[in-house]
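Please keep the sequence and the model in view while reading.

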Amino acid sequence: MAYPSQLGFQDAASPIMEELMHFHDHALMIVILISTLVFYIIMSTLTTKLTNTHATDAQMIEIVWTVLPAVILILIALPSLRILYLMDEINSPYLTIKALGHQWYWSYEYSDYKDLSFDSYMIQTQELEKGFFRLLDVGNRMVVPMESPIRMLITSEDVLHSWAIPALGVKTDAIPGRLNQTSFTTTHPGLFYGQCSEICGSNHSFMPVTVESCPIDHFENWVTQTLTS
């Protein structure tokens, strides 16, 4: 999760988020190089009194400053398109979970299990136990098995919401009357926090998302305990 004064991304907990972080670094390096070159040219123009009489009619310069931006755009576009297709790719998901947004809480339905559904409300500040996080922890976490592809079906029953987990690289709008789909795979066990990322009313800040990733045998034990309780 995020920490105070953090400047970068949260640690990646899924392959997609790792790809997004690599692409961010790739694009940022290109921006830094372009900015450095432009700054150097501006400073050179302002500080030197020398002029070149051939600069007004130089076809080679025009070719370079036309072709070079096109090459840079290609270097940015190709990795971006690759990640977009990877994010849309869903092959044989181990589990399908439906998330329904409400004002102001989330409901989860595990489609592969009969009668496995629950509501997830934020824990009030006065009820927090030691070690829990204010505005982030919930009464019922969404539990998923680690290293297993999870398909999320996301919708809303009232207004626009957005189901987002930064560490997993997931952010999908919940729209009334429409079923949006996304997927993720957690690479290690842990708790991953997010929040509704679409302004949805007065309590928009109080409907967090908490995903708990655990080994498959622990997940099956949790399913059994939840169904029998």
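Which residue in E10 does leucine 191 stand opposite? Leucine 191 stands opposite glutamate 212. The model is a predicted one, in which local features need pLDDT of at least 70 and side-chain atom pairs count only at pLDDT 80 or more, while totals for chains, interfaces and linings use all residues. Residues are numbered from 1 along each chain as its sequence is written, and side-chain values use heavy atoms, with hydrogens and water left out.

The sheet comes first in this account. Strands of a sheet pair through backbone hydrogen bonds, either parallel or antiparallel. Here, 3 strands in the order E4-E10-E9 form an open sheet with mixed pairing. Strands (E, at least two residues) and helices (H or I, at least four) are DSSP runs numbered from the N terminus, and two strands pair if DSSP finds at least two bridges between them. Strand E4 (142-145) and strand E9 (190-195) each have a single partner strand and stand at the edges, so one side of each is left without a neighbour in the sheet. From one strand to the next, the twist averages 25 degrees. E9 and strand E10 (residues 208-214) are paired in the antiparallel sense over 6 bridges. Helix H3 (residues 216-228) packs on this sheet and touches E4 and E10, with a direction at about 140 degrees to that of E4. Contact means heavy atoms within 4.5 Å; axes are lines fitted to C-alpha atoms, for helices over the stretch in contact, and angles run from 0 to 180 degrees between N-to-C directions.

Two further segments come from a record. An unreviewed UniProt entry lists residues 26-43 and 63-85 as "transmembrane region"; such annotations may be inferred rather than shown by experiment. In the model, residues 26-43 are 100% helix, with end C-alpha atoms 26 Å apart. Residues 63-85 are also 100% helix, and their end C-alpha atoms are 33 Å apart.

Strand E5 (residues 150-156) contains threonine 155, and serine 156 is found in strand E5 too. Threonine 155 is buried, at 9% relative accessible area, and serine 156 is buried at 5%; buried means under 20%, exposed over 50% and partly exposed in between, with a 1.4 Å probe and protein chains only. The threonine 155 side chain reaches the backbone oxygen of isoleucine 175 at 3.2 Å. The serine 156 side chain reaches the backbone oxygen of valine 159 at 2.5 Å.

How values were computed: A polar contact is a pair of N or O atoms within 3.5 Å; within protein, one must be able to donate a hydrogen and the other to accept it, and residues adjacent in sequence count only if both atoms are side-chain atoms.
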